[in-house]
Amino acid sequence: MESRASDPPSPTSPSPSRSSSPPRIRRLEASVVNRIAAGEVIQRPSAAVKELVENSLDAASTSVSVSVKDGGLKLLLVSDDGHGIRHEDLPILCERHTTSKLSKYEDLQTIKSMGFRGEALASMTYVGHVTVTTITEGQLHGYRVSYRDGVMEHEPKPCAAVKGTQIMVENLFYNMAARRKTLQNSNDDYPKIVDLISRFAVHYMNMNFSCRKYGSNRADVHTVGGSSRLDAIRTVYGASVARDLMEISVSDDNPTRSIFKMEGFISNSNYLAKKTTMILFINDRLVDCTALKRAVELVYSATLPKASKPFIYMSINLPSDHVDVNIHPTKREVSLLNQDSLIDTIQSAIEAKLMSSNSTRIFQTQVVSSSLPTTQISTRKDKEHSIANSGVQSQKIPVNQMVRTDSRDPFGRLHSYWKDGSQSSKQEKKSDLASMRSVVVARRNWKENTDFTSLDQLVREIDSNVHPGLLDIVKDCTYIGLADEVFAVLQYNTYLYLVNVVNVSKELMYQQVLRRFSKFNAIQLSEPAPLQDLLLMALRDEELETRGDETETNDDLKEKIALMNIELLKEKEDMLENYFGIKMEDGSLIRLPVVLDQYIPDMDRIPEFLLSLANDVDWDDERECFQTVSAVLANFYAMHPPILPNPSGDGIRYYRKNREEVGLEAEILVDKSDEEQVDEELVAEAETAWSQREWNIQHVLFPSMHLFLKPPKCMATDGTFVQVASLEKLYRVFERC
């Protein structure tokens, strides 16, 4: 046997150090350095979305929309309505270390923006194809430009754009084969993106967020600004989560320990989950803090049975110079001054809050006997009130089966069996119920920054005039389809209803105008629309409708009326812009308000809208002014049938060319020659308008009805809602057959 010393060396074994020189140190090429840095910043598609959303927040946006295809590998599209990007800044937009957030290192001590390194967009261009579309305030058009490896691929091209910035990232990690293979399963990263947007939506409750798969009509996250924090949590995470949350607040102003203020919500002892959900914002920055998360979990594991996992939302604010934000490439983590003391203080506060709530646990009980009379069955609202007041899910059961499960519940006490012993408990319940109602009213009532008593009166009128039965239908109905041009079919429980789409949409728009008063987003017209031309058009249409085709038109009189209306609207320009988002300038219409998100009204009705705005508004009385302007806007934004007739069915006759000159023989024929008599372009335009309206009714109107509409009592009698069938009665009819 030969010795091992004579074996040839392995190809993978290192050569003896004495026979080779030290490796040479080389300076890496810029492209290699940039790609390595990009891999650290953009670790996965959700990291790219986080960077883009934070840029939108820094741009003072009020609405952020995210679309994702194939988990973000194929396409990421983030749109906002922020201040946009200057045209002169576009050439260096995606270069490394270019930023508008700071100019010197000392600025980091007081930094309040989300980004500051200037690496996010640059990193995306090194691992994907980036296209930016942006427009700034006052520009007539936007610009679109593509980037690759940090530089522009071409000069910015003028294009149509809406206010703000849209960034599209395509083919992410196309040049990083190993990472792309690890992210091939698109089902893994899309939930991370949804979770990320959900966290932002909870914290930035005054903003509009949406997240959907590209091409999908249904958004997985959709929030509307203006709600309370708890309402935002309820919208994103569901009512079952929000029901079991407690508000918590703690602060410390001792410089020897820590200086901070924390506000948030924590789950109570009734919340059950297999995984901890912790939403943490420090100085409005979404971050992770492993030490704080473990401290909170330790409190819950020591207090609750079965080591229940909590739901935590925390917003911590502390001096800027107590936070070091420059410790992680993705800004996911921060370093805090006196972190241990801060965590101990928060941990103690959570423990005290949790211990005090442990006596209100709800124990789910099972009905012992099914033979109880129906009069003993409580309604759902009664059960909710019982849970809210006593903390126990009680139900009507025989006296001999009453068991005390809560120290505050009278059942099980001796005096609960005395006839006169229940007076004090009734008084306590009444006071508890009154306080609970005041909390609910305070939470649900709309709060406005302005001090208009008349506006508050109008909103209170809406809230006090709600029909409870219709409200239940609106909240829980299911859209079936359109019955005709005006009515849609919906189902509620076992009933079918016809609903007047025009009336419902008009009422919804009216309520939304009042609730969004002075806080409207903007629809920017591509070109200023001259008021005089629009008003003259409306006056001619009005005369045509009232007097017919054979009347002699007086253009001079119409021009005088139009000029008078323009002067009136000019006097009200500031009020209309500040309160209702209607901007007019130099005798032209510039902007319209966004009354309902993702919905643009029929622009063919602008002339009618302006004429009504000038003539149908009571400008002298404040309350009447707000009400009539809101009504005019509501009528304009309502989902009326399009002006062009519906080309389907018999409506196609309106689109035949030279129908008067065509003889009876051509009317009878249905061959190809008859098809050629139709104005194809006009038919296509009409079909587009009618299909767009149907899409808006299904995907915009009905979801918005569920969330916002408070139907007035008059809708129960004016034919807006008409019951047409009961499935239970139909079942009986078919049962006889």
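I take contact to mean heavy atoms within 4.5 Å. The model is predicted, so I note its limits: local features need pLDDT of at least 70, side-chain atom pairs count only at pLDDT 80 or more, and totals for chains, interfaces and linings use all residues. Residues are numbered from 1 along each chain as its sequence is written, and side-chain values use heavy atoms, with hydrogens and water left out.

Entry 1, cores. I looked up Leu613 and left aside its neighbours within four places in sequence. Leu613 is then in contact with Leu569, Leu576, Ile582, Met584, Trp619, Val629 and Val632. I define a nonpolar core as a set of buried Ala, Val, Leu, Ile, Met, Phe, Trp, Tyr and Cys residues joined through side-chain atoms within 4.5 Å. Buried is under 20% relative accessible area, exposed is over 50%, and partly exposed is in between (1.4 Å probe, protein chains only). The largest core has 72 residues, and Leu576, Phe580 and Leu613 have the most contacts inside it. Helix H19 (residues 622-637) gives the largest share of this core, 8 residues. Helices (H or I, at least four residues) and strands (E, at least two) are DSSP runs, numbered from the N terminus. A second, separate core has 57 residues, among them Leu57, Leu73, Phe173 and Val194.

I count rings of Phe, Tyr and Trp (its six-membered ring) as a pair if their centres lie within 6.5 Å; planes under 30 degrees apart are stacked, over 60 edge-to-face, the rest tilted. My search of the whole structure gave 13 aromatic pairs. Tyr237 and Phe311 are edge-to-face, with 5.1 Å centre to centre and 75 degrees between the planes. This pair links distant parts of the chain: Tyr237 sits in helix H6 (residues 229-237) and Phe311 in strand S14 (residues 311-317), 74 residues apart. Is Phe311 buried or exposed? Phe311 is buried, because its relative accessible area is 1%. Tyr237, at 22%, is partly exposed. Tyr271 also pairs with Phe311: the centres are 6.4 Å apart and the planes at 65 degrees, so I log this pair as edge-to-face. Elsewhere, Phe517, Tyr579, Phe580 and Phe626 form one aromatic cluster.

Strands pair if DSSP finds at least two bridges between them. I traced an open sheet of 5 strands, in the order S10-S11-S14-S12-S13, with mixed pairing. Its edge strands are S10 (245-254) and S13 (285-286). S12 and S14 pair in the parallel sense over 6 bridges. Phe281 has Ser315 in S14 as its bridge partner.
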